[in-house]
Amino acid sequence: MILYHGSNMVVERPKIISPQRALDFGGGFYTTTNKDQAEIFARKVYARRKSGGEFVSIYEIDWDSTERTLRVLRFVSPDENWLNYVAKNRRGSRDEQRYDIVFGPVANDDVYTTIGAFEAGVLSREQTIAALKIKKLYNQFVFKSELALSRLNYREYFMLQEEAGRGE
């Protein structure tokens, strides 16, 4: 399986980070199978940090072996369990050592608005899940342990402005 990571720098050696803001699946190293999503994130990180460039690092992983041997939490769709997990992480709850990898839908800016309405009591759990199912959601794979990171094999990168830069 190929995974992408968008950033303001090339990331040959991924690290687990503790976020300074609430993220969907808490701390870790975030990747996606969707190249477009990684490009969007690279642009956002570059705009926020105002340094480096707009880079997408590319990795390969033997997913079948990884999923069989590591502690993996899988969310197939934005269901009630996913909503509870994302809401808990957005409130700053930390359970970083329970899983090696968490994957499922990304709560993008539009989704954050919906989750915010749920947390404020404006939408019920059922209304929130129904609203989320009609939104286009990308996926994310979050590596939460060093063991999980050791399964990622860096391949190359590209820079959005040029899309020509290649890794060593």
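Trainee: What should I know about the model before we start?
Mentor: It is predicted: local features need pLDDT of at least 70, side-chain atom pairs count only at pLDDT 80 or more, and totals for chains, interfaces and linings use all residues. Residues are numbered from 1 along each chain as its sequence is written, and side-chain values use heavy atoms, with hydrogens and water left out.

Trainee: What is the strand order in the open sheet of three strands?
Mentor: The order is 1-3-7, with antiparallel pairing. Strands here are DSSP runs of E, at least two residues, and helices are runs of H or I, at least four, numbered from the N terminus. Two strands pair if DSSP finds at least two bridges between them.

Trainee: Which strands stand at the edges?
Mentor: Strand 1 (2-7) and strand 7 (153-159) do. Each has a single partner strand, so one side of each has no neighbour in the sheet. From one strand to the next, the twist averages 25°; axes are lines fitted to C-alpha atoms, for helices over the stretch in contact, with angles from 0 to 180 degrees between N-to-C directions.

Trainee: How many bridges join strand 1 to strand 3?
Mentor: Six, with strand 3 covering residues 55-60 and the two strands running antiparallel.

Trainee: Next topic. Where does helix 1 lie?
Mentor: Helix 1 (residues 35-49) lies across strand 1, strand 3 and strand 7, at about 20° to strand 1. Contact means heavy atoms within 4.5 Å.

Trainee: What span should its 15 residues have?
Mentor: At 1.5 Å a residue, helix 1 should span 21 Å, and its end C-alpha atoms are 21 Å apart, which agrees. The expected span is 1.5 Å times one less than the number of residues.

Trainee: Which residues of helix 1 are buried?
Mentor: Gln-37, Ala-38, Glu-39, Ala-42 and Val-45. Buried means under 20% relative accessible area, exposed over 50%, and partly exposed in between, with a 1.4 Å probe and protein chains only. The cover over those residues includes strand 1, strand 3 and strand 7.

Trainee: What does Gln-37 touch?
Mentor: Leaving out residues up to four places away in sequence, Gln-37 touches Thr-32, Val-106 and Tyr-138. Its relative accessible area is 14%.

Trainee: What happens just after helix 1?
Mentor: Lys-50 takes a positive phi of about 55° there.

Trainee: How many salt bridges does the structure hold?
Mentor: Four. The criterion is a side-chain nitrogen of Lys or Arg within 4 Å of a carboxyl oxygen of Asp or Glu.

Trainee: Which residue forms a salt bridge with Glu-60?
Mentor: Arg-155, with the closest N and O atoms 2.8 Å apart. Glu-60 lies in strand 3 and Arg-155 in strand 7, so the pair ties together parts that are 95 residues apart in sequence. Glu-60 is partly exposed at 33% relative accessibility, and Arg-155 is partly exposed at 43%.

Trainee: And Asp-100, buried or exposed?
Mentor: Asp-100 is buried, at 5% relative accessibility. Its salt bridge is with Arg-71, the closest N and O atoms being 2.9 Å apart. Arg-71 is partly exposed, at 40%.

Trainee: Which residue does Glu-80 form a salt bridge with?
Mentor: Arg-125, with the closest N and O atoms 3.4 Å apart. Glu-80 is in helix 3 and Arg-125 in helix 5 (residues 125-133), 45 residues apart.
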